[in-house]
Every structure is written in C-alpha cells, then in structure tokens.
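Student: Please take a close look at a single part of this structure. Then place that part within the rest of the chain.

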Amino acid sequence: MTHVPENGRGTAANTRLIDACVADATGCRATIVSTEETQGGTQACIELGGGARVLVPVSMLTLQADGSYRLPFTFTVSPADTGSPIAQQVRTSFPVMKEEMQVSKRVVDTGRGVRIRKTVSEREQTWDEALFREELEVEHVPIDQVVAQAPSMRYEGDTLVLPVLEEVLVVQKQLRLKEEVRVTRRRHQVRQPQSILLRSEQITAERFDEGRK
C-alpha cells in the first residue's frame with residue numbers, strides 16, 4: 001500500500017482522485033468528488049452518505065490493490081442540533097496508537113567456536129627412600145661340655161642360640177655339648193633410588209574459524 005503524494009494544483013494524480021471510492025477504518029465507503037488546494041496542502045473533498053462532505057488531506061489516503069483508497073480513521077454522519085433534517089454533522093474518529101516495548105533475549109550462533117585441546121606430558125622424578133634389609137650372621141661357638149639332657153634353642157636378645165649335640169661312646173653313654181651355633185640378626189639402613197613417572201596436563205585453546213566474520 002502506498003500513500004498518495006501531495007502534488008501541485010491540477011496534476012494528473014489529483015484528477016485520478018475524483019470519483020474514486022474511499023473507505024474509512026470500519027469499511028464505510030464514500031466518494032471523492034473534488035480536490036482543493038489550501039495553505040495546508042491538497043485536500044480531498046469526500047461526500048458521505050446523506051450528502052455530507054468532509055475535507056481530508058490527500059497524504060492520508062492509502063491506495064489499495066483494487067484502485068480504491070482507505071483512510072486510517074472513521075467518520076459518522078448525524079443530524080445537527082438545529083433540528084433541521086438537512087443540516088448534518090460529520091464526526092471523525094482518529095485512532096490513538098500507543099507503542100509498547102517488549103524486551104526479550106535469544107541465543108544467536110556467532111559462528112566463532114573454540115576448540116579445547118588437552119595434552120599430557122611425562123617427567124621422571126628420583127628420590128631416596130630409606131629401606132631396611134636384614135642379614136643373618138652365623139657364628140659357631142665351640143663348647144665341650146657333658147649335659148644331662150638336650151638343651152632347647154633360645155634367644156639372647158636378637159641372637160638365636162641353636163644347640164648342636166653329638167653322642168660319644170664312653171664307658172657309659174652321656175651327652176656332651178659340643179658347640180653352640182649363634183645366629184644374630186643385624187639391621188642396617190640402605191638407600192635405594194626409585195624412579196616414578198609423573199603426569200601433568202596442559203590446555204591449549206585453538207579457534208578454528210578465524211577467517212569467518
């Protein structure tokens with residue numbers, strides 16, 4: 001839809017307006033009977049039902065697809081207060097518009113993606129760990145002694161004493177303590193380096209659409 005521009009007096013556009021059909025906002029139809037030039041611009045004289053006429057600026061006329069025109073307001077015709085059935089009043093109603101703002105948000109794909117890459121690196125670390133190692137020390141202690149019965153093994157501190165017996169032929173058989181085997185447990189500290197594989201992570205951010213605008 002296009003509005004009719006205000007051309008000069010006697011232009012072809014004003015000539016085409018004469019006898020053209022015009023409808024108000026409610027669909028009531030009327031006819032343009034003439035055009036007039038005023039200080040405010042070109043006015044279209046519209047004849048309503050009952051013979052009443054009203055002047056409307058040409059710029060307010062909107063051309064329709066069927067060649068007719070449309071006004072953005074409504075007008076009604078009613079008898080005047082004089083009581084005469086001929087005198088009539090034209091009431092024009094203009095729509096009052098109010099703009100309201102609605103604020104909303106939406107997700108927009110900007111196309112600028114980010115690729116996250118994780119790499120794992122390895123490094124070797126060495127430290128000294130205290131380890132305890134046990135060794136057995138065997139000592140033979142000669143003993144030449146006759147005993148009435150076989151002695152049992154015993155502990156003397158950290159030393160395990162194991163008796164060693166033998167039988168000898170004499171006038172009478174008797175037990176002779178030949179020797180003792182002394183086993184001593186000794187503890188000493190040994191340092192043994194150990195290698196452990198440790199891991200750490202690094203993050204690399206790479207933009208894969210740098211050429212896109």
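Tutor: Start with C28. Its relative accessible area is 41%, so C28 is partly exposed. Buried means under 20% relative accessible area, exposed means over 50%, and partly exposed lies in between (1.4 Å probe, protein chains only). C21 also counts as partly exposed, because its relative accessibility is 27%.

Some ground rules come next. This is a predicted model, with residues numbered from 1 along each chain as its sequence is written. Local features need pLDDT of at least 70, side-chain atom pairs count only at pLDDT 80 or more, totals for chains, interfaces and linings use all residues, and side-chain values use heavy atoms, with hydrogens and water left out.

The chain holds one helix and 13 strands. Helices (H or I, at least four residues) and strands (E, at least two) are DSSP runs, numbered from the N terminus. In sequence order, the pattern is β-α-β-β-β-β-β-β-β-β-β-β-β-β. The chain has 213 residues, and 22% of them count as buried.

Walk into it from the loop between α1 (12–17) and β2, where D19 is found. D19 is exposed, because its relative accessible area is 63%. Its phi is near 70°, a positive value in a residue other than glycine. Most residues other than glycine have a negative phi.

Next comes strand β2 (residues 21–23). It runs antiparallel to β3, and three bridges join the two. Strands pair if DSSP finds at least two bridges between them. Across this pairing, C21 stands opposite T31 in β3. How many residues lie between the strands of this hairpin? There are five, and G27 takes a positive phi near 95° there.

Then β3 turns into β4. Two residues separate the strands of this second hairpin. β3 and β4 are antiparallel and share seven bridges.

Is A30 buried or exposed? A30 is buried, because its relative accessible area is 5%. It sits in strand β3. Contact means heavy atoms within 4.5 Å. Beyond neighbours within four places in sequence, A30 is in contact with A20, C21, V22, I46, E47, L48 and F75. Look at L48: it is 18 residues from A30 in sequence, yet the C-alpha atoms are 5.1 Å apart.

I46 leads us to the core. A nonpolar core is a set of buried Ala, Val, Leu, Ile, Met, Phe, Trp, Tyr and Cys residues joined through side-chain atoms within 4.5 Å. The largest one has 16 residues, and V22, I32, I46, L61 and L71 touch the most other members. β3 (29–38), β4 (41–47) and β5 (53–57) are the elements that give two or more residues to this core. In soluble globular proteins, nonpolar side chains tend to be buried together. I46 itself touches V22, A30, T31, I32, A52, R53, V54, V56 and L71, leaving out residues up to four places away in sequence.

Strand β10 (residues 115–147) and strand β13 (residues 174–206) pair antiparallel over 31 bridges. There, E139 stands opposite R182 in β13. Strand β12 (residues 159–168) also pairs antiparallel with β13, over 10 bridges. In that pairing, E166 stands opposite R176. Across the chain, residues 24 or more positions apart account for 59% of the contacts with a separation of 6 or more.

Finally, confidence. pLDDT is the predictor's confidence in each residue, from 0 to 100. The chain averages 77, and 78% of the residues score at least 70. Residues 80–89 have a pLDDT below 50, and this stretch has 16 contacts in the model beyond near neighbours in sequence. Strand β9 (residues 88–93) has the lowest confidence, with a mean of 50, while strand β11 (residues 154–156) has the highest, at 90.
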